[in-house]
Every structure is written in C-alpha cells, then in structure tokens.
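Visitor: Could you walk me through the labels used for this model?
Guide: Gladly, let us take them one by one.

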Amino acid sequence: MGWLDRFPLGVLAVVAAWLAVAPLFPEPHLTEKWRMLLQGTLVKPIDIFDLVLHTAPLVLLAIRLWRDWQRRSNR
C-alpha cells in the first residue's frame with residue numbers, strides 16, 4: 001500500500017468527492033447504484049461497474065486516512 005501513501009491526499013480527496021456526486025442531476029450515480037444494491041435490482045454489469053467506479057475513490061480515501069491516522073498514533 002506504499003503507492004497509496006505516496007499519492008497526494010488532496011488529489012485523492014477531490015477525485016473521491018467529484019465521483020461521489022457526479023453527475024449532480026437528476027441524481028448522483030452513487031446514490032442511485034447504492035439504492036439499487038439495497039433493493040436487489042443491481043444486476044446489469046454496467047451498473048455494477050458504475051458502482052465500483054464511483055465507490056472506489058471513497059474507499060481508497062478512507063484507507064489512506066486510516067493509514068495516516070494509525071501512523072500518527074504510533075509515534
């Protein structure tokens with residue numbers, strides 16, 4: 001995970017925020033795909049790909065922040 005530690009945190013945060021809300025209208029894809037997942041209607045491969053595409057930067061950001069927090073706590 002060293003590559004993630006070297007990736008600029010600001011860029012990762014901007015990309016994560018951008019993909020979390022894109023597109024704004026009529027509704028963010030992330031909201032739509034998570035609702036579909038919870039309702040059990042997320043079955044098309046393109047929808048699954050879209051969910052992964054819009055969720056991955058948020059997961060990477062969470063991992064990066066957690067690793068940074070752990071590193072600071074161990075000092």
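What follows is a short talk about a helix pair and some salt bridges.

Guide: This is a predicted model, where local features need pLDDT of at least 70 and side-chain atom pairs count only at pLDDT 80 or more, while totals for chains, interfaces and linings use all residues. Residues are numbered from 1 along each chain as its sequence is written, and side-chain values use heavy atoms, leaving out hydrogens and water.

Visitor: Why is H3 called oblique to H4?
Guide: Helix H3 (residues 29-39) and helix H4 (residues 45-73) pack at an angle of about 120°. Angles under 35 degrees count as roughly parallel, over 145 as roughly antiparallel, 65 to 115 as roughly perpendicular and the rest as oblique. The angle is therefore one of the rest, and H3 is oblique to H4.

Visitor: What makes Asp 47 and Lys 33 a salt bridge?
Guide: Their closest N and O atoms are 2.8 Å apart. The term asks for a side-chain nitrogen of Lys or Arg within 4 Å of a carboxyl oxygen of Asp or Glu, so the pair qualifies.

Visitor: How do you know whether Lys 33 is buried or exposed?
Guide: Its relative accessible area is 5%. Buried means under 20%, exposed over 50%, and partly exposed in between (1.4 Å probe, protein chains only). Lys 33 is therefore buried, and Asp 47, at 11%, is buried too.

Visitor: What makes Asp 5 partly exposed?
Guide: Its relative accessible area is 23%, so Asp 5 falls in the in-between class. Its salt-bridge partner is Arg 67, at 2.7 Å from N to O.

Methods: Axes are lines fitted to C-alpha atoms, for helices over the stretch in contact, and angles run from 0 to 180 degrees between N-to-C directions. Helices (H or I, at least four residues) and strands (E, at least two) are DSSP runs, numbered from the N terminus.
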